[in-house]
Amino acid sequence: MSAASTLATRAKHALQNRLAQRYHLRGEIDHMDAVGDPTAVARALATREFPWGITQALSFALFRTYAVPSIGDLLYKTGQFTESTQKRYDDTVLLLDAPIEHGVDSPAGRAGIRRINQMHGMYDIPNDDFRYVLATFVVCPVEWVNAYEWRSLTNHEILGLTNYYRRLGQVMGIEDIPETYDDFKKFYDEYETAHFAFSPDSLAVADATLDLLGTFMPYKLLPRAVVRRMSFALMDDRLLDAFGYPKPTAVERVLVRGGLKARGLAIRFFAPPRTEPLFGRQTKQVRSYPKGFRIDDLGTFAPGCPVSHDTVPGVGTPRAANS
């Protein structure tokens, strides 16, 4: 056998071994109970298999909700999403992080959901708006991973993600939650078609969010205008029209979306699999709590005492590290 063929054989075996390692966690997830324990599936996907991709997808999911004026206008009126954008981002990540890390029905998970409910309880929010936000959490990660990550999701994984967010919605008290992923997708599309509309206040919230994106690596190395054009290239026409954003060129779409797909291919063939979970509190984008935080102190509060004192013993009391 020639030296060239020997090297080619070794390279082939090395690639096969790398791919086997890459797909090992998928095999583990296949054996998780997507109905009885969907949190295990959602945690594995969000913190080990696709931590960057699902974080981007959930951020994009929340961004989409601003295009519904009843949601975007309310967020603008609070002032928090335009005046304290970084803290609002951090609080959202950390409150959603608790049920993923500890379980929806754990004390810490319940503490995070309770704080979300307390904040929502200060406003008169229609149930359908809640259902739509929940639908974006189900649909956007599936669409993002399947479009840009190093592999697509299996039906089993989609079932686990769907059931996880169904359980989250149930604990939040949301009514008439869709049963299946297809039901969520149908509701998501129909709600956007019926409710997406331009609003100056919603646009201000969206612009503030894009400005925050420009402070994260690697985007902070680029001009703000470039970051905005890259963001537009990832948006569909329905979302662009709702905000009145300019349509990207075909070249911009190919470059940006192609770049994300190239990243996925590079991870598939060259990157080692993640062995330890990466939770939202450990990411560099969360910057408001360098000394740690208490779940019960996160978010916004009604006038009066800034801290809830009616917590269940042991819920939300441990201080979480930021790194």
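**View 1. Helices α7 and α8 pack against each other at an angle of about 155°.** Welcome to the first close-up of this predicted model. Helix α7 covers residues 85-102, helix α8 covers residues 107-120, and their axes are 7 Å apart. Angles over 145 degrees count as roughly antiparallel, so α7 and α8 are roughly antiparallel to each other. The crossing of these two helices, α7 and α8, is left-handed.

**View 2. A salt bridge links Lys 87 and Asp 91 within helix α7.** Stay with α7 for a moment and look at two of its side chains, those of Lys 87 and Asp 91. They meet with a distance of 2.8 Å from N to O. Lys 87 and Asp 91 are four residues apart, which is about one turn of the helix. Are these two partners buried or exposed? Lys 87 has 29% relative accessibility, so this residue counts as partly exposed. Asp 91 has 2% relative accessibility and therefore counts as buried.

**View 3. Helices α9 and α10 form another packed pair, at an angle of about 160°.** Helix α9 spans residues 127-148, and α10 spans residues 155-172. Their axes, those of α9 and α10, lie 9 Å apart. That angle makes α9 roughly antiparallel to α10. Which hand does the crossing of α9 and α10 have? The crossing of α9 and α10 is right-handed.

**View 4. Asp 176 has a positive phi.** Now follow the chain into the loop between α10 and α11 (181-195), where Asp 176 lies. Most residues other than glycine have a negative phi. Asp 176 is not a glycine, yet its phi is positive, at about 55°. With a relative accessible area of 60%, Asp 176 is exposed.

**View 5. A cis peptide bond joins Met 217 and Pro 218.** Most peptide bonds are trans. Here, between Met 217 and Pro 218, omega is about 0°. Pro 218 is found in the loop between α12 and α13. Thr 215 is found in the loop between α12 and α13 too, and at 31% relative accessibility Thr 215 counts as partly exposed. What separates the C-alpha atoms of Thr 215 and Gln 285? The separation is 8.9 Å, although Thr 215 and Gln 285 are 70 residues apart along the chain.

**View 6. Four residues make a nonpolar patch on the surface.** The members are Met 217, Leu 221, Leu 222 and Val 226. Together they have about 370 Å² of accessible area. You met Met 217 in the previous view, as a partner in the cis peptide bond. Leu 222 sits in the loop between α12 (200-213) and α13 (224-234). With 37% relative accessibility, Leu 222 counts as partly exposed.

View 7. The structure holds 24 salt bridges. Arg 294 and Asp 297 form a salt bridge of 3.3 Å, N to O. Asp 297 is partly exposed, with a relative accessible area of 31%. Salt bridges with shared partners join Arg 64, Glu 143, Lys 185, Asp 189, Glu 192, Asp 236 and Arg 238 into one network.

Technical notes. Residues are numbered from 1 along each chain as its sequence is written. This is a predicted model: local features need pLDDT of at least 70, side-chain atom pairs count only at pLDDT 80 or more; totals for chains, interfaces and linings use all residues. Side-chain values use heavy atoms; hydrogens and water are left out. Patches are made of residues with over 30% relative accessible area and no salt bridge: like charges are joined within 9 Å, nonpolar side chains (Val, Leu, Ile, Met, Phe, Trp, Tyr) within 5 Å. Accessible areas come from the Shrake-Rupley method with a 1.4 Å probe; for residues, only the protein chains shown count as cover. A salt bridge is a side-chain nitrogen of Lys or Arg within 4 Å of a carboxyl oxygen of Asp or Glu. Buried means under 20% relative accessible area, exposed over 50%, partly exposed in between (1.4 Å probe, protein chains only). Axes are lines fitted to C-alpha atoms, for helices over the stretch in contact, and angles run from 0 to 180 degrees between N-to-C directions. Angles under 35 degrees count as roughly parallel, over 145 as roughly antiparallel, 65 to 115 as roughly perpendicular and the rest as oblique. A crossing is left-handed if the near helix is turned anticlockwise from the far one by less than a right angle, and right-handed if clockwise.
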